[in-house]
Amino acid sequence: MKNSRICMLALLLVATTIGCNVQTEPMAAFEPNLVHAMKYQIQEEIPMAEAARDTHWLAGQMFGTPDDPKLPEVITEDEELASIVAMDNLVKASGPADAEGRGLYRKHCVVCHGITGNGRGPTAAVQVPYPRDYRMGVFKFKSTPRGSKPAKDDFAKLIKHGIGGTAMVKIPELTDSDIDALVDYVIYLSWRGELERQAIDIAIFDGLLGEEGDRIINSDLGNRLKSNPSLRSELEALSEKDEDALTELDAQRLDAFEAYEEAWEYAEDYAVEIGESWLEAQDEVIEVPEPPADVPVAEDYADVLKLKSGEQAEAFLASVKRGQELFRGKVASCSKCHGETGMGDGQTNDYDDWTKDWTTRIGLKPEDRESLIPLLARGAFEPRNALPRNFAEGVFRGGASSEDLYLRITQGIEGSPMPAATFVEGQFEEDDVWHLINYIRSLQTVVPEPEAT
């Protein structure tokens with residue numbers, strides 16, 4: 001047991017040391033979302049292998065390959081939607097790691113997040129926490145409300161500075177232009193992955209796969225249409241004929257073609273809907289208010305020490321005391337998860353949404369490993385509890401500024417058990433957030449090491 005722990009720690013040390021800056025060249029192909037399909041096979045008791053194959057084909061037709069990315073025509077033909085990601089950025093971020101002027105994602109990110117953006121890179125399984133799977137379209141650390149996509153600046157900040165307490169470290173050699181390209185590529189991977197998921201979701205919710213032979217989209221016909229352009233003209237000509245004039249075989253061919261065209265249009269609608277959510281996010285950035293004039297707010301560990309003994313010591317200590325009351329109180333209820341003293345030792349048996357998506361949401365218990373075998377065999381990682389932050393460490397993954405902490409408290413952390421704050425007049429109001437921030441800062445006991453210059 002001791003040796004196995006040492007091995008695991010060694011692997012984690014390697015993953016943390018290399019961060020997202022490893023040159024590797026995995027096979028240049030996106031993986032189908034087999035876990036998403038299998039969860040419905042378990043829940044609905046219907047075969048999903050063909051659905052997984054068809055939706056993977058659909059995503060490929062719309063979004064291209066890791067070496068040759070593209071956007072659906074319905075997106076590129078719309079000026080606003082086409083502005084979400086720049087094709088120049090997709091080219092720069094995609095492709096082999098050693099290709100001149102290309103390969104940023106595979107050079108810096110693929111070892112953790114995987115070539116598909118599914119969080120299954122070569123070192124992902126040993127990392128704590130697991131790298132983000134972009135395909136749900138859900139991101140934890142952002143400046144927009146819960147339920148909204150992040151703004152581009154949110155991604156840029158995380159890429160530029162890294163995420164404390166994780167294997168995602170700062171990569172000094174990245175230029176602003178490089179970061180912009182990686183931001184666009186992450187959005188691209190998320191867009192692609194979310195469309196693949198949504199095509200399956202809607203088919204299940206609408207009961208489209210209940211009948212034997214029903215398909216989300218007929219990828220076999222799609223491939224024939226692609227390889228034989230005259231076939232489309234032939235099938236379109238059949239649609240112009242009187243129904244009574246069609247042979248039985250032609251009627252079947254026409255039905256299959258019309259079903260394919262309808263499925264493609266639905267998929268285009270999904271792509272547009274997802275794109276619109278990314279557009280909306282840019283206008284939903286929350287403006288963090290200034291703290292009250294009589295509340296001195298600590299920005300870091302050094303500030304806490306200064307404020308405790310400086311001219312504002314009385315006001316600061318009063319703020320910390322108020323923050324402690326809120327932290328342990330029933331309304332803010334921070335101690336429920338973070339513990340009475342903020343050591344992260346409160347409720348620790350919950351899971352994040354990436355795990356719940358394929359476990360509790362289909363009636364499976366994350367602790368029941370035997371029931372999870374079909375999903376683990378298709379790429380799901382072993383469930384791990386989402387552990388609350390230990391404030392004694394002074395590490396804040398979503399950013400350590402007072403503005404960052406304000407957003408985490410007021411908006412919660414998307415995809416995690418941490419909810420948005422619920423304000424109650426006279427008991428817990430927005431100005432009280434600054435008291436909570438001061439209290440959380442005051443709990444730090446680990447002295448930060450000076451940054452290397």
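Leaving aside its neighbours within four places in sequence, T144 is in contact (heavy atoms within 4.5 Å) with K149, P150, A151, D154, A281, E284, V285, I286 and Q411. The structure is a predicted model, in which local features need pLDDT of at least 70 and side-chain atom pairs count only at pLDDT 80 or more, while totals for chains, interfaces and linings use all residues. Residues are numbered from 1 along each chain as its sequence is written, and side-chain values use heavy atoms, with hydrogens and water left out.

T144 is placed in the loop between α8 and α9; helices are DSSP runs of H or I with at least four residues, numbered from the N terminus. With a relative accessibility of 1%, T144 is buried, a term that means under 20% relative accessible area, whereas exposed means over 50% and partly exposed in between (1.4 Å probe, protein chains only). The backbone oxygen of K149 is reached by the side chain of T144 at 2.7 Å.

The loop between α8 (110–113) and α9 (152–161) also holds P129. The peptide bond joining V128 and P129 is cis, with omega about 0 degrees.

Positive phi values in residues other than glycine were computed for E45, where phi is near 60 degrees, and for S333, where phi is near 55 degrees. E45 belongs to the loop between α2 (34–44) and α3 (49–63) and is exposed, its relative accessible area being 71%. S333 is found in the loop between α15 (313–328) and α16 (335–338); with a relative accessible area of 26%, S333 is partly exposed.

Note on methods. Helices (H or I, at least four residues) and strands (E, at least two) are DSSP runs, numbered from the N terminus. A polar contact is a pair of N or O atoms within 3.5 Å; within protein, one must be able to donate a hydrogen and the other to accept it, and residues adjacent in sequence count only if both atoms are side-chain atoms.
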